[in-house]
Amino acid sequence: MKDLRWREAANCVGVSKSDYNTFFPNEDDVKRTRWDEAFRFCVDCPVRKPCLDVALQRDGVDDRYGMFGGYTPKERRWLRRGLDHWQETYYPRLERVRNSD
């Protein structure tokens with residue numbers, strides 16, 4: 001079993017139920033602003049890399065939902081396939097979130 005104690009240092013630890021749902025928007029909510037809200041937790045998280053690594057290792061698991069390591073499901077699929085398309089959505093989101101503070 002993998003050691004997942006790194007999760008204790010994540011910015012999303014202890015968020016309220018309503019904030020936690022931000023990371024898993026339903027199909028009606030999958031809009032740019034919802035992903036931006038979730039990304040605010042991830043952008044400066046000290047454990048983004050291990051969070052993303054765990055999500056990327058879920059090849060056989062249903063990984064169609066949620067933001068992990070700052071990446072949406074679509075972006076993680078692109079990363080797994082070695083495609084650079086993730087940059088088309090990731091960097092604009094990073095810019096929006098950093099400029100909104």
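Residues are classed by relative accessible area as buried (under 20%), exposed (over 50%) or partly exposed (in between), with a 1.4 Å probe and protein chains only. The model is predicted: local features need pLDDT of at least 70, side-chain atom pairs count only at pLDDT 80 or more, and totals for chains, interfaces and linings use all residues. Residues are numbered from 1 along each chain as its sequence is written, and side-chain values use heavy atoms, with hydrogens and water left out.

Helices are DSSP runs (H or I, at least four residues), numbered from the N terminus. Helix 2 spans residues 32-42, and its buried residues are Arg 34, Trp 35, Asp 36, Ala 38, Phe 39 and Cys 42. These buried residues pack against helix 1 (17-22), helix 3 (48-56), helix 4 (73-80) and helix 5 (86-99), where contact means heavy atoms within 4.5 Å.

With a salt bridge defined as a side-chain nitrogen of Lys or Arg within 4 Å of a carboxyl oxygen of Asp or Glu, the count comes to 4. One of them joins Asp 36 to Arg 96, with the closest N and O atoms 2.8 Å apart. This pair links distant parts of the chain, Asp 36 being in helix 2 and Arg 96 in helix 5, 60 residues apart. Asp 36 counts as buried because its relative accessibility is 7%, whereas Arg 96, at 26%, counts as partly exposed.

A salt bridge is also formed by the side chains of Arg 98 and Asp 44, at an N to O distance of 3.4 Å. Arg 98 lies in helix 5 and Asp 44 in the loop between helix 2 and helix 3, so the pair ties together parts 54 residues apart in sequence. Arg 98 is partly exposed at 48% relative accessibility, and Asp 44 is exposed, with a relative accessible area of 57%.

The side chains of Arg 93 and Glu 75 meet in a salt bridge with an N to O distance of 2.6 Å. Here Arg 93 of helix 5 is linked to Glu 75 of helix 4, 18 residues apart. Both residues, Arg 93 and Glu 75, are buried.

Arg 93 and Glu 75 also take part in the contact between helix 4 and helix 5, which is made by Glu 75, Trp 78 and Leu 79 of helix 4 and Trp 86, Thr 89, Tyr 90 and Arg 93 of helix 5. By class, this contact has 4 nonpolar, 1 polar and 2 charged residues, where Ala, Val, Leu, Ile, Met, Phe, Trp, Tyr, Cys and Pro count as nonpolar, Asp, Glu, Lys and Arg as charged, and the others, Gly among them, as polar.

Terms used: Helix = DSSP H or I, 4+ residues; strand = E, 2+ residues; numbered from the N terminus.
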